[in-house]
Amino acid sequence: MKRAIELNVNGDPHELLVAPNQTLLEVLREKLGLMGTKRGCDLGACGACTVLIDGEAYLSCLMLAVDATGKEIMTIEGLAAGGDLHPLQKAFIDHGGLQCGFCTPGMILTAEAILNEDEHPSEDVVKKKMAGNLCRCTGYKKIVEAIMSVAEQSTADA
Amino acid sequence: MRLPKFEYFEPKDIKEAVSILKNEPEARILAGGTDLLVNMKHRVECPPVVVNIKRIADLDYIRQDNGDIRIGALVPLKRLYMTAAVKDSLPGLARAASAVGSYHHQVMGTVGGNICQQNRCKFFNQSQWWRSSRPTCFKAGGEICHVVNKKEICYSTYCGDLAPALLALNAGIKLAGDGGEREIPIEKLFTGNGKAPLSLTGAEMVTEIMIPGASIKGVLNYMKFANRDSIDFPIVGTAFWASAAEKQYRVAFTAVDRRPVRGKNIEFFLQGRELNEDNIKAACDLAAAEASPVKTSVYSPSHKRKMMGLLLRGAVEKTLNMK
């Protein structure tokens with residue numbers, strides 16, 4: 001039986017009717033039209049569906065939509081403030097940290113969660129925590145460089 | 001991949017959860033979801049009822065209690081290695097938690113869920129389409145085992161990372177059920193039956209993990225060998241606990257049997273002995289006989305047996321270097 005739920009996505013409340021077996025990924029893409037969150041393996045092994053829930057990196061393919069009520073959900077569409085790109089988005093462009101772009105939303109949101117947790121993570125920590133996000137194009141080096149540039153920038157600002 | 005349909009409950013307290021579990025014997029408990037929902041997408045588990053216990057308040061604590069450490073079943077794995085009480089006093093347990101899956105799995109997965117994860121097998125953890133090319137196996141509800149040609153025995157392997165560390169720490173598990181609460185040694189939680197790996201009965205659920213103060217005084221190390229170090233289940237995992245002053249040792253292995261196993265012969269041999277080269281070598285030589293791995297993963301049983309000794313040596317040497 002469907003349930004009426006309210007999801008807070010990128011600061012906007014949405015009243016929705018969802019079945020318990022619908023994942024957050026399905027609801028974001030199919031009911032809210034937020035296609036930035038990608039369906040990759042759909043089994044929690046590739047990280048393409050990563051969203052931020054209360055600032056932490058979650059796999060939206062392994063989370064029930066009904067379980068996400070009462071939480072702050074952020075997708076890639078909500079990261080840029082106004083017309084300005086988020087520093088991580090800009091760094092990915094500046095460092096060439098993407099090619100086809102399919103993994104990029106998940107990469108950027110996982111990176112954001114890592115920086116939420118620790119503003120100045122070491123490169124080893126970044127590499128270990130990003131390991132659940134798979135990219136089949138760039139080879140990761142430029143992705144890690146992009147993230148480290150933002151981490152170093154916040155160190156310089158501090 | 002859509003999830004199969006199910007009835008969904010969100011109990012607010014343990015009493016309500018137990019009462020749902022009592023009325024719905026086929027129900028499955030949902031915590032982090034990183035194990036159950038994958039199995040449901042693969043259609044190897046299709047419970048008619050899913051009980052989401054994450055709304056239960058006060059099950060995500062880490063408390064010091066008369067020298068013991070008590071960990072609520074809903075503590076996320078990430079918090080286990082980020083909390084000073086665990087990181088400082090039990091770095092080996094923190095290491096085991098940080099060895100689980102990827103960063104996302106550590107954010108979402110819970111301590112209780114990790115311990116209670118399903119056994120794994122290369123013929124079971126596959127999509128419905130993949131499995132359709134051969135008869136359904138015991139574990140998925142069929143009448144055959146594709147690994148070992150024996151009747152009505154499922155040889156799937158327990159692959160959790162936390163369980164061996166907790167076995168080596170002599171941890172206790174608190175269960176809540178229809179008959180009230182009870183605490184059992186973690187060893188008693190595992191049945192050794194691949195089809196039903198947990199000994200939970202009477203609408204029971206895991207609510208707490210207790211690590212005794214005596215174990216916290218020792219040193220624990222966990223070594224894991226996996227295909228990809230950063231994300232995969234262990235091919236073999238080894239936990240080694242040592243109390244140098246009393247020359248007491250405990251050893252546990254994961255991913256080599258139908259349940260996480262203690263290395264009882266190794267422990268018996270090492271008891272009261274110094275960790276010198278001769279004793280370490282003899283102990284590592286005993287490792288291969290401590291479990292009965294079968295070919296439930298792409299790695300051969302003989303490779304797993306060799307890795308058990310090698311990982312034990314690594315864990316012992318790490319322990320010696322920490323002193």
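Mentor: Two strands pair if DSSP finds at least two bridges between them. The model discussed here is predicted.

Trainee: How many bridges join strand β11 of chain B to β12(B)?
Mentor: Pairing requires at least two bridges. Strand β11 (residues 248-254) of chain B and β12(B) run antiparallel, and the bridges joining them number two.

Trainee: Which residue in β12(B) is the bridge partner of B:Ala252?
Mentor: B:Ala252 has its bridge partner in β12(B). That partner is B:Arg262.

Trainee: Which strands stand at the edges of the open sheet in chain B, and why is one side of each left without a neighbour?
Mentor: Four strands of chain B form the sheet, in the order β9-β10-β11-β12, with antiparallel pairing. Two of them have a single partner strand each, so one side of each lacks a neighbour in the sheet. These edge strands are β9 (219-225) and β12 (261-262).

Trainee: At about how many degrees to β10(B) does helix α13 of chain B run?
Mentor: Helix α13 (residues 301-322) of chain B lies across β9, β10 and β11 of that chain. Its angle to β10(B) is about 35 degrees.

Trainee: Which helix gives the largest share of the side of domain 1 of chain B that touches domain 2 of chain B?
Mentor: Chain B is divided into domain 1 (1-56) and domain 2 (62-116 + 157-322). Their contact takes 13 residues from domain 1 and 14 residues from domain 2. On the domain 1 side, the largest share is five residues, from residues 14-23 of chain B, helix α1.

Methods
Residues numbered from 1 in each chain as written. Chains lettered and ligands numbered in written order. Predicted model: local features only at pLDDT ≥ 70, side-chain atom pairs only at ≥ 80, totals over all residues. Contact = placed C-beta atoms within 7 Å. Axes fitted to C-alpha atoms, helices over the stretch in contact; angles between N-to-C directions. Domains from an automatic or database assignment.
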